[in-house]
Structures are given as C-alpha cells and as structure tokens.
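Thanks, everyone, for making the time this morning. I would like to walk you through one structure, beginning with the whole chain and then turning to a few of its parts, so please have a look at it first.

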Amino acid sequence: MVAIPVNVKPRPYEVRIESRLLDKAGEILRSLLSGSSRLFVVTVAPVRRKWAKKLMGSLRGAGFDAEVIEMPEGERFKRLATVEALAEKLVAREADRNAVIVAFGGGVAGDVAGFLASLYMRGVDVVQVPTTVLAQVDAAIGGKTGVNLKTGKNLVGTFHQPRMVLIDPEVLSTLPEREYRAGLYEVLKCGVIGNAGLFRQFEENREAIVKRDRATVERLIVESVRLKAHVVSVDERENGLRRVLNFGHTIGHALEAETGYRTLLHGEAVGWGMVAAAWIAGEVGKLDRESARRIREATLGLGKLPKVEVRGGNIVRRLQADKKTRNGRVHFVLPTEIGKVEVVSDVPERVVLEAVAELKKLSK
C-alpha cells in the first residue's frame, strides 16, 4: 500500500493507494472513525451495481451501520437541488452529527457528497472513495467541494477536507472507455505543470497507458497524487501555488458551461483547455513552439475529443463569470516549459478568440 500525506491544518489526512483496497476499507476506517458507527455511502447507479457490494460488505464486516444513498448520474445533476434532495434523505434516515458520508463515485459524486458533508448539521466528516481516474488523481484530494450554476461551473462550494481518501485502482477496470480516457487528461496535466518525467511517460508509453496496463496506470496515479498532495499541503485555499492546478480549466470550464454540461466530460473539456492554453502560451511568447506542439500532440494522442462547436465571443463572456477571474481580469495558467507553468492575467481577448478558433479547426 502507498500512503501519501496531505498536510493541511488542523487535521492532516492520508491518501492510500492499493489494488483491492475496497476489501480493506472497513478495517481501515474502523481504526480512523472509532467514534462513528453510521456511514452513508453516496453514489450513482453504475458504481452501485458494479462495486457497492464489495465496499458495503467490507464496511459492515467491520461493524459499521452502512447505508447507500443514490444520486442521479451526470454533470447536469451537480446542482444545489441535488444536495437538498440528499440532505432530505439523510434526515429521513435520522442521520445526526456523528454521521459520516462516504463519497463513492467519480468527480461529480465526490464534489456533491463533499459539499453535502460540509453543510449537513453544519458539517460532518466525509471519506472519499473515488472510482474514476479523474477523481482518483484530482477531484477527491484537496477538499474542494461544490456545484454548478447555469452561469458557470463550481460557482457555489466550500473547502471541506476529507478524513481519508481510499484509492483502489482495480475499480478502473469497469470504467467505460470514454471516461477512462477523459481522466487521463488530468494526469497529463500533472506532467505539464510540475513533473516533466510524468509527461514523458505519455509520450513514451502511450499504448500501455491507453490499454490500461495495470502497473503503468498505478504508477501514473501515485505520481499524480504525490503532486496534488504537495500542492494542496503548501496552499490549501488556492491563494498561490494551488492555482497551477487550474491549467486547462479556464477555457475548459467555459466550454462545459457553454455546451450545457451535455457534450463534454470534464476531463475532455480540460483536454481541450490544455491545448488552448499551450497555443495561447506560444502566441504570447511564454512557450516555445516545439513544447506547445508536444503538449498538443500528447493531449490529442489519447483519443479523439468531442467536436468543439461554440462561438468564441460566448467563451470570452463565460470567462468573465469564472471564479478564477479577479477584479475583472481573466487568469490563465500557461506553460513556460514542460513541467513549469505560471499564472498570467494579461492575455489579449484577440488571442483567446483565436485559440477557440484553433480548437474548432483541430476538432474537425
């Protein structure tokens, strides 16, 4: 088992990574949650059908009173209405302040369940058990929770750190191909922002990664989690270093919102956002053309991304409502070389419009 610390105050926690970890979840959580007996596992139907029996058996075998609460699947259900409906279900089951919520699913389930935990009874504990690549390397770590508004993504949320994150790479074996590949863009992101060696693995071992070679995938997960844990430990509230994790997310979030969260998976939007950011970095003189090409080819080499069919002007307007925009200035995370990025706030609107046009051309 690999245990990676996330050193946030006042209560640090661990991310534990091991194949077949679901079998040990109850035993691990029993030693961590000694004063709690009632666990509420928030999940979605596909995860429940494939993996809930294993997790629930482990939890109940360790003496927990564990129940499943199902939420609808999909980004369009990442809304306040879903949180309210889940809270009503907790009340109906007489969940009190000692209850623990277990977020069991992908990024949407993790964000919604984490947000629910931060609000219910003014805050109860949450354990993250992510089941997608994207959630395992990014969404489940760092305490960000939230839901979307019609005007933009994650505009309502909280910071609510989990008690622990349990990652079982085995659950990825049943992940649909599209969702698996969508999560790989978040792993590739880690390579661009802070681990050139990780980036090179995508260039040199693409076939093994795409084919889900077990050892290769586990190595990618561990390296990505180490980077995320380090960044979060240094900057929990995104006042400095943590902003680099938004590489690809500025235009990516705008694409998601503009298409009504129905066309692009989050990871796919981030993929297009990384291509756009690399192109912008080249245009404004932050990145050499060869490195921009490598980022573009590594991203697009993971599989065909959905077609981009949006108006550039609409994307620019979406950026103004993004939570990363401060004092009216849109902030972009731009690569300066493979493994290094910086936050830039003076990108001309013309360059943004040209970047969107470039995405549309590449997606034809």
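This is a predicted model: local features need pLDDT of at least 70, side-chain atom pairs count only at pLDDT 80 or more; totals for chains, interfaces and linings use all residues.

The protein has 14 helices and eleven strands. Its radius of gyration is 20 Å, close to the 21 Å that the globule rule gives for 364 residues, so the protein is as compact as a globular protein of that length. If we take the principal axes, the C-alpha atoms fill a box of roughly 60 × 40 × 35 Å. Among the contacts in the protein with a separation of 6 or more, 76% are between residues 24 or more positions apart.

Let me turn now to how some of the helices pack. Two packed helices are described by the angle between their axes and the distance between the axes. Helix H10, residues 249-258, and helix H11 have axes that come within 7 Å and cross at roughly 135°, which makes H10 oblique to H11. The crossing of these two helices, H10 and H11, is right-handed. On the H10 side the contact involves His249, Ile251, Gly252, His253, Leu255 and Glu256, and these meet His266, Ala269, Val270, Trp272, Gly273, Ala276 and Ile280 in H11. Sorted by class, the contact of H10 with H11 has seven nonpolar, five polar and one charged residues.

H11, which covers residues 266-283, also packs against helix H14, residues 349-362, where the axes come within 9 Å and cross at roughly 130°. H11 and H14 are therefore oblique to each other, and H11 passes H14 in a right-handed crossing. Which residues in H11 meet H14? They are Trp272, Val275, Ala276, Trp279, Ile280 and Glu283, and their partners in H14 are Val351, Glu354, Ala355, Glu358, Leu359 and Leu362. By class, the contact of H11 with H14 has nine nonpolar, no polar and three charged residues.

Is Phe115 buried or exposed? With a relative accessible area of 4%, Phe115 is buried, because buried means under 20%. Leaving aside residues up to four places away in sequence, Phe115 touches Leu80, Val83, Thr145, Gly146, Val147, Val156, Gly157 and Thr158. Phe115 and Glu297, by contrast, are 182 residues apart in sequence and 36 Å apart in space, C-alpha to C-alpha.

Note on methods: Residues are numbered from 1 along each chain as its sequence is written. Side-chain values use heavy atoms; hydrogens and water are left out. Axes are lines fitted to C-alpha atoms, for helices over the stretch in contact, and angles run from 0 to 180 degrees between N-to-C directions. Helices (H or I, at least four residues) and strands (E, at least two) are DSSP runs, numbered from the N terminus. Angles under 35 degrees count as roughly parallel, over 145 as roughly antiparallel, 65 to 115 as roughly perpendicular and the rest as oblique. A crossing is left-handed if the near helix is turned anticlockwise from the far one by less than a right angle, and right-handed if clockwise. Contact means heavy atoms within 4.5 Å. Ala, Val, Leu, Ile, Met, Phe, Trp, Tyr, Cys and Pro count as nonpolar, Asp, Glu, Lys and Arg as charged, and the others, Gly among them, as polar. The radius of gyration is taken over C-alpha atoms; the globule rule is 2.2 Å times the number of residues to the power 0.38. Buried means under 20% relative accessible area, exposed over 50%, partly exposed in between (1.4 Å probe, protein chains only).
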